[in-house]
Amino acid sequence: QWDGWRCEAEEYLPADDHVVVLTRYTGRGRGSGASVDTPGAHLWTLCDGKVIRLEIFSSRSKALAAAGLPG
């Protein structure tokens, strides 16, 4: 469906047993040629240094709030 779809990390924000990764998604629709360039965020939860959960947010402020960080 996509040509050149990418998700790039822009910033890492640690918060106790979480890490919020501010991301940017870019790509181009294969059929339509429409461009996408939009921010997002991933919330990683860790336990004993291992990832136990990943949540993907389209809203950076919601990811920050879920980690208990000011948005």
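## Overall dimensions

The radius of gyration is taken over C-alpha atoms, and the globule rule used beside it is 2.2 Å times the number of residues to the power 0.38. By that rule a compact globule of 71 residues would have a radius of gyration near 11 Å, whereas the protein chain has 14 Å. The C-alpha trace spans about 45 × 25 × 15 Å along its principal axes.

This is a predicted model, in which local features need pLDDT of at least 70 and side-chain atom pairs count only at pLDDT 80 or more, while totals for chains, interfaces and linings use all residues. Residues are numbered from 1 along each chain as its sequence is written, and side-chain values use heavy atoms, with hydrogens and water left out.

## Secondary structure and sheet

The protein chain has 1 helix and 4 strands, and along the sequence these follow the pattern β-β-β-β-α; helices (H or I, at least four residues) and strands (E, at least two) are DSSP runs, numbered from the N terminus. The strands form an open sheet in the order β1-β2-β3-β4 with antiparallel pairing, where two strands pair if DSSP finds at least two bridges between them. The edge strands, each pairing on one side only, are β1 (2–15) and β4 (50–57).

Between β1 and β2 (residues 18–29), which run antiparallel, there are 11 bridges. In this pairing Ala9 stands opposite Thr23 in β2.

A pair of aromatic rings is described by the distance of the centres and the angle of the planes. Rings of Phe, Tyr and Trp (its six-membered ring) pair if their centres lie within 6.5 Å, and planes under 30 degrees apart count as stacked, over 60 as edge-to-face and the rest as tilted. The whole structure holds 2 aromatic pairs. Trp2 and Trp5 form a tilted pair, with 4.7 Å centre to centre and 40° between the planes. The rings of Trp5 and Tyr25 are stacked, because their centres are 5.8 Å apart and their planes lie at 20°. This second pair links distant parts of the chain, with Trp5 in strand β1 and Tyr25 in strand β2, 20 residues apart.

Buried means under 20% relative accessible area, exposed over 50%, and partly exposed in between (1.4 Å probe, protein chains only). Tyr25 is buried, at 13%, whereas Trp2 is partly exposed at 37% relative accessibility and Trp5 is partly exposed at 40%. Of the 71 residues of the protein chain, 25% count as buried.
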